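Please look through the structure below together with its sequence. The report that follows picks out a few places in the chain and describes them.

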Amino acid sequence: MASASLPGRVAVAAPDVPSYAFADDVRSAPATTGTTGAARLEPGATYRSSLRGEDKAYYRLELDGMSDVYVSVTAIPRAGATLAAGDGISVSVQDADSVTCSSDSVTVGTAVSPQPLTAWGARELLPGKGLCRKAGTYYVVVERTGTGSSTGSSNGTGSGTGSGEGDTDLSDGRTWDLELAPVSEAPLAKAAATRVPEVWDSSTPTPPVDEPVSVRGGAGFAEAAAVEQGVRSDEIVPGQTLFYKVPVDWGQQLSATVDLGSAEKNSGYVVDALEMTLYNPVRASVKDTGIGYGGSQKSASLPPVPPVGYANRYAPTDPTKSLRFAGSYYLVVHLAAQVADRFGEGPYGLTLRVRLGGSAQAGPGYARQSVPQGFFDVGAPDPVPSGGGSLAGADASGDGASGGDPAMKAVAVGGIGTGSVLLMVLGVWTLTARRRAAAQMRVNAQNPTA
């Protein structure tokens, strides 16, 4: 290994891998160590911040009493960081009275390979849930977890005092960058079923075997490469994380398989060498899969998951609970940095096989637009990343709602001017007239006496 490490920690080489890609229009949100002066997060915008090992980071939300709000937090450890299996982050949403509305946590796991770590928090207005339902001020609280965090050594794998050893990423005061992405989900126009479907196709689907199409995975959620059903080929180097997004509509069922190509040499074995995680549109983890690697080609598939449905939010556990939205689902693939020590710097061939089962269905019918607009609608244009509000003249039926003329909906959402609308209508009218004239000519030719 590159350097000595504390017991229970692994020092990982720092390969030349691309850094995490933030959104182009990312905003700054400086972290505060308490609620006083906490930066306000607006749904629909993306924020960049940072987190020190010994601190908690606080951010503020001003919420109404009607919408569900979700905040994802992606932490980016520096390349070459020395980590332990329990090192990671926790995210919670709290009200002004310190009541925890939700909490989530994520760690680097036994691979201890530095990689983007995403956890999320939410203020959900679910039936029977009496907490966190009022309009008002809420706080997003982010903190580091693990042996080097401010909580001290909890598992006996290091000193972790917060002022200690200098060769650990958490205890020497180095910061992790953060990306925060809050979104707001509008209420429904009419009450929908709250019963989760009890029967769904849980058989393992056959991965597609089409000829691979080349694709280049992105270096962050904002740059995720768009893929659809089929086979995609890519390359990955040790320590790298690649992001892909798949449009999944209401009623559809996503499955995915990842293949890692063989190495040029065979030198031992790396446990937890490759991991693929499925995230929903608000970047909440749905399911993951991983493989060890001994230099020969390997393949791993996500376990079967239910179709996407609004009522899934009432399920008691994941993955069903996370499959509550239509929209862009993310496949995030990470190749452990340790692979370079055993098998070389690569790149290594990567094949992604994506299948969509089920039939697309109408959406639940939102009362108004969510923020960003179109976020929970596969057919809508790309969301407005930083506007933080609905577009004027948007369809009042909201994300995923059925009905209305598709062409005119595209005009309304896309912002096409009045002149363009007239030209489009005239073009459609002219084409229809020509088709009718041609059809009448064929009839007259077949019936000359008519």
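## Arg 283 and its loop

Arg 283 lies in the loop between strands β16 and β17, the latter covering residues 285-293. In this predicted model, the phi angle of Arg 283 is near 70 degrees, a positive value in a residue other than glycine. Most residues other than glycine have a negative phi.

Is Arg 283 buried or exposed? Its relative accessible area is 10%, and a residue counts as buried when that value is under 20%, so Arg 283 is buried.

Asp 272 is not a glycine either, yet has a positive phi of about 55 degrees. Asp 272 belongs to strand β16, which spans residues 270-279. With a relative accessibility of 32%, Asp 272 counts as partly exposed.

Ser 72 is part of strand β5, made of residues 68-76. Its relative accessibility is 0%, so Ser 72 counts as buried.

Which residues does Ser 72 touch, leaving aside those up to four places away in sequence? They are Thr 118, Ala 119, Trp 120, Glu 179, Leu 180, Ala 181, Val 282 and Arg 283.

## Two cis peptide bonds

Most peptide bonds are trans. The bond that joins Asp 318 and Pro 319 is cis, with omega about 10 degrees. Pro 319 sits in the loop between β18 (298-301) and β19 (327-335).

Another cis peptide bond runs from Gly 346 to Pro 347, where omega is near 10 degrees. Pro 347 is also in a loop, between helix α1 (339-343) and strand β20 (348-357).

Strands of a sheet pair through backbone hydrogen bonds, either parallel or antiparallel. In this model, five strands form an open sheet with mixed pairing, in the order β2-β4-β9-β6-β7. Strands β2 (39-40) and β7 (100-107) stand at the edges. Each of these two has a single partner strand, so one side of each is left without a neighbour in the sheet.

How do β4 and β9 run relative to each other, parallel or antiparallel? Strand β4 (residues 56-63) and strand β9 (residues 136-145) are antiparallel, and eight bridges join them. Across this pair, Arg 60 stands opposite Tyr 139 in β9.

Methods. Residues are numbered from 1 along each chain as its sequence is written. This is a predicted model: local features need pLDDT of at least 70, side-chain atom pairs count only at pLDDT 80 or more; totals for chains, interfaces and linings use all residues. Side-chain values use heavy atoms; hydrogens and water are left out. Two strands pair if DSSP finds at least two bridges between them. Helices (H or I, at least four residues) and strands (E, at least two) are DSSP runs, numbered from the N terminus. Buried means under 20% relative accessible area, exposed over 50%, partly exposed in between (1.4 Å probe, protein chains only). Contact means heavy atoms within 4.5 Å.
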